[in-house]
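Biologist: I would like to learn how to read a model feature by feature. Can we go through one together?

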Amino acid sequence: MVEKACRQCGRIIEEGNECPVCKTKDLTTTFKGILVIFDPEGSEIAVISGKSVPGKYAVKVVR
Ligand SMILES: [Zn+2]
């Protein structure tokens, strides 16, 4: 299936139609780049991008 990204937080959703982080169905298939966060507390990228949940995120979501 086509990967979708949450418009709110950029989370990549591979299954289902709801973002597991913010529980929204506001998803888009239009996004650029993928950012993978393994350790939100030890990752500068996670801190800078404001992510607190490990997983895959879109670098840029078209809103
Ligand atoms: Zn989200």
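Biologist: Is Gly50 buried or exposed?

Modeller: Start with the cut-offs: buried means under 20% relative accessible area, exposed over 50%, partly exposed in between, with a 1.4 Å probe and protein chains only. Gly50 has a relative accessible area of 58%, so Gly50 is exposed. One caution on the source: this is a predicted model, where local features need pLDDT of at least 70, side-chain atom pairs count only at pLDDT 80 or more, and totals for chains, interfaces and linings use all residues. Residues are numbered from 1 along each chain as its sequence is written, and side-chain values use heavy atoms, with hydrogens and water left out.

Biologist: Where is Gly50 found?

Modeller: Elements first: helices (H or I, at least four residues) and strands (E, at least two) are DSSP runs, numbered from the N terminus. Gly50 lies in the loop between helix H1 (44-49) and strand S5 (55-61). Its C-alpha is 8.8 Å from that of Cys9, although 41 residues separate the two along the chain.

Biologist: And Val47, buried or exposed?

Modeller: Val47 is in helix H1. Its relative accessibility is 60%, so Val47 counts as exposed.

Biologist: Which residues are the protein donors of the zinc ion?

Modeller: Donors are N, O and S atoms within 2.8 Å of the metal (3.2 Å for Na, K and Ca); water is not among the atoms, so sites may look incomplete. Here the donors are the SG atoms of Cys6, Cys9, Cys19 and Cys22, at 2.1 to 2.3 Å from the zinc ion. Along the chain they follow the spacing C-x2-C-x9-C-x2-C.

Biologist: Why is the arrangement around the zinc ion tetrahedral?

Modeller: Ideal angles are 109.5 degrees for four tetrahedral donors. In practice, four donors count as tetrahedral if all angles lie between 85 and 135 degrees. The four donor atoms here subtend angles of 106 to 117 degrees, and therefore the arrangement is tetrahedral.

Biologist: What is Cys22 in contact with?

Modeller: Contact means heavy atoms within 4.5 Å. Leaving aside neighbours within four places in sequence, Cys22 is in contact with Cys6, Gln8 and Cys9. At 33% relative accessibility, Cys22 is partly exposed. Cys9, at 16%, is buried.

Biologist: Which residues make up the largest nonpolar core?

Modeller: A nonpolar core is a set of buried Ala, Val, Leu, Ile, Met, Phe, Trp, Tyr and Cys residues joined through side-chain atoms within 4.5 Å. The largest has nine residues: Cys6, Cys9, Ile13, Cys19, Leu27, Leu35, Ile37, Ala46 and Tyr57. A second, separate core has five residues, including Ala5, Ile12, Phe31 and Val61.

Biologist: What sits over the ring of Tyr57?

Modeller: A charge sits over a ring if NZ of Lys or CZ of Arg is within 6 Å of the ring centre and within 35 degrees of the ring normal. The charged end of Arg11 does this at Tyr57, 5.7 Å from the ring centre.

Conventions
Tetrahedral: all angles 85-135°; square planar, octahedral: opposite > 155°, others 65-115°.
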